[in-house]
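Dear colleague,

Please find below the structure that I am passing on to you, followed by an account of what was found in it. I would be grateful if you could read the two side by side.

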Amino acid sequence: MRPTGRLHLGHYFGALQNWLKLQEEYECFFFVADWHALTTHYEDTSSVAENTLQVATDWLSVGLDPAKSTMFVQSSIIEHAELHVLLSMITPLSWLERVPTYKEQIENLKDRDLGTYGFLGYPLLQSADIVVYDADFVPVGEDQVPHVELTREVVRRFNAHFGLKVKDALFQDSYRDDLHHVLMKMGELEKPMPLWKLVEQGGMRAETRALLRSEMRKHAAEVGIDNFRRSLGTLKKYFIWGEVLHEPGHLLTETPRLPGTDGRRMAKSYGNAIWLSDPPDEIRNKVRNMMTDPQRQRRTDPGRPEVCPVFAWHKLFSAPDLVARIDGECRTAAIGCVDCKKLMAENLVTWIEPIQERRKELEAHPQKVWDILDAGGKKAHAAARRTMKRVRNAIFKWDEARPPRRAGGN
Ligand code: SF4
């Protein structure tokens, strides 16, 4: 999440509610994307630090739990940037130019300077953000699915260049020779070359891949690896099959549509948001001025709850029996909009109360929030370091070039 400052109900129902569920089911990494803020707003960085604190405070207020999730600031993990650079070396420009949000944002944000590499490359920075943690899934809305798809493509390309490698236990000359012999006989190879280079030939036929697998199985049996089963899952234990980087999937986030107070999508720029930190009277005031069914001009006119933003909010904050009652009474003009709004506002205030109590505690001790981000950063860093060691080694083959240091040696 970018450091946009305090969060509103749209953020809660669009993302945070889902994150709360995910932290119960998965090992989650959530970070404040301060580098991403620069891709569209590099001119003014004055509020990034304060906004980072506000975003993290809201995360903790709604119930994200540092004991369950890893929360941190993107720029504290330098490996995101390193992986971004390395991925940028193999990513064709056309892949970035065809990302749908690229053209859309160029069209929509005419007042911004988006003619930078940072803006063109931000989906690739996202790719690095994802794969540096070997993520299995990324929770996204529909519009972000192409970004995960780009990530998958980049990972495949990266793995095809640097990935195919037999793990050390099997990486023996005799075996390599056998394999080359078979491949040359099949016409797939003209001369022997390192295994990792094989894939660079491109266009390896499916049968060849199958043959490689079966040869590897045979070889594993010969070198006496116990419990060797014929599943690809087990194979992965012994071979790195094009998987220096892990291909992520996406988890599509189902979100109830939450309109802003004026009926449009809730957004800071529209001035139609209710903030998680709005005091109760401010919430009541905003709800009082909310848009309703535009056709309901007079108290005696029947209303259409299905087009009314107040009713959409009732469905989130009021008990089902009250929602059913409002549905009926609105249609028959048995309830007026003023009373209907009052009921909803009180339920919203009750719903938001525990969030705001937690927020007040954290506001009194902002250092606590920074400490949580720092501790999360340490955990994230350890995971990112592991990935990058693998990545550097796959690209530059440091392990093959440099003999291991002997204990006690010079
Ligand atoms: S009575 Fe309630 S649901 Fe019906 S139009 Fe008025 S505010 Fe909307």
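Strand E1 (residues 28-32) and strand E2 (residues 69-73) run parallel and are joined by 5 bridges; two strands are taken to pair if DSSP finds at least two bridges between them. Within this pair, Phe30 stands opposite Met71 of E2. E1 is largely enclosed by the rest of the structure, because 4 of its 5 residues are buried. Here, buried denotes 20 or more other C-beta atoms within 10 Å of a residue's own, exposed 12 or fewer, and partly exposed anything in between, with C-beta atoms placed from the backbone.

The model is a predicted one: local features need pLDDT of at least 70 and side-chain atom pairs count only at pLDDT 80 or more, while totals for chains, interfaces and linings use all residues. Residue numbers start from 1 along each chain as its sequence is written.

The protein chain comprises 19 helices and 6 strands; these are DSSP runs, numbered from the N terminus, with helices (H or I) of at least four residues and strands (E) of at least two. Of its 410 residues, 28% count as buried. Among contacts between residues at least 6 apart in sequence, 78% join residues at least 24 apart, a contact being two C-beta atoms, placed from the backbone, within 7 Å.

The largest nonpolar core has 65 residues, and Ala56, Trp59 and Met71 have the most contacts inside it. Helix H18 (residues 366-396) gives the most to this core, with 7 residues. At least three residues of the core come from each of domain 1 (9-161 + 246-257 + 367-391) and domain 3 (278-364); the bounds are from an automatic or database domain assignment. A nonpolar core is a set of buried Ala, Val, Leu, Ile, Met, Phe, Trp, Tyr and Cys residues joined through C-beta atoms within 7 Å. Leaving aside residues up to four places away in sequence, Trp59 touches Phe30, Leu64 and Met71.

H18 also contains Asp371, which is exposed because 12 other C-beta atoms lie within 10 Å. Asp371 and Phe72 are 299 residues apart in sequence, yet 9.7 Å apart in space, C-alpha to C-alpha.

Turning to the ligand, 14 residues surround it, and the closest are Gly303, Cys308, Cys330, Cys337 and Cys340; a residue qualifies if its C-beta atom, placed from the backbone, lies within 6 Å. This shell divides into 9 nonpolar, 2 polar and 3 charged residues. Helices H15 (309-317), H16 (320-331) and H17 (337-364) each supply at least two of its residues, and the largest share, 3 residues, comes from H17. In H15, the buried residues are Pro309, Val310, Phe311, Trp313 and His314, and their cover includes H16 and H17.

Three loop residues also deserve mention. Pro259, between strand E6 (249-252) and helix H14 (280-288), touches Arg264, Arg265, Met266, Pro309 and Ala312, not counting residues up to four places away in sequence. Asp134 lies between helix H8 (122-131) and strand E3 (137-140); although it is not a glycine, its phi is positive, at about 50 degrees. Ala333, in the loop between H16 and H17, likewise has a positive phi, near 60 degrees. Ala333 counts as partly exposed, because it has 14 C-beta neighbours inside 10 Å.

Yours sincerely

Methods. Nonpolar A, V, L, I, M, F, W, Y, C, P; charged D, E, K, R; others polar.
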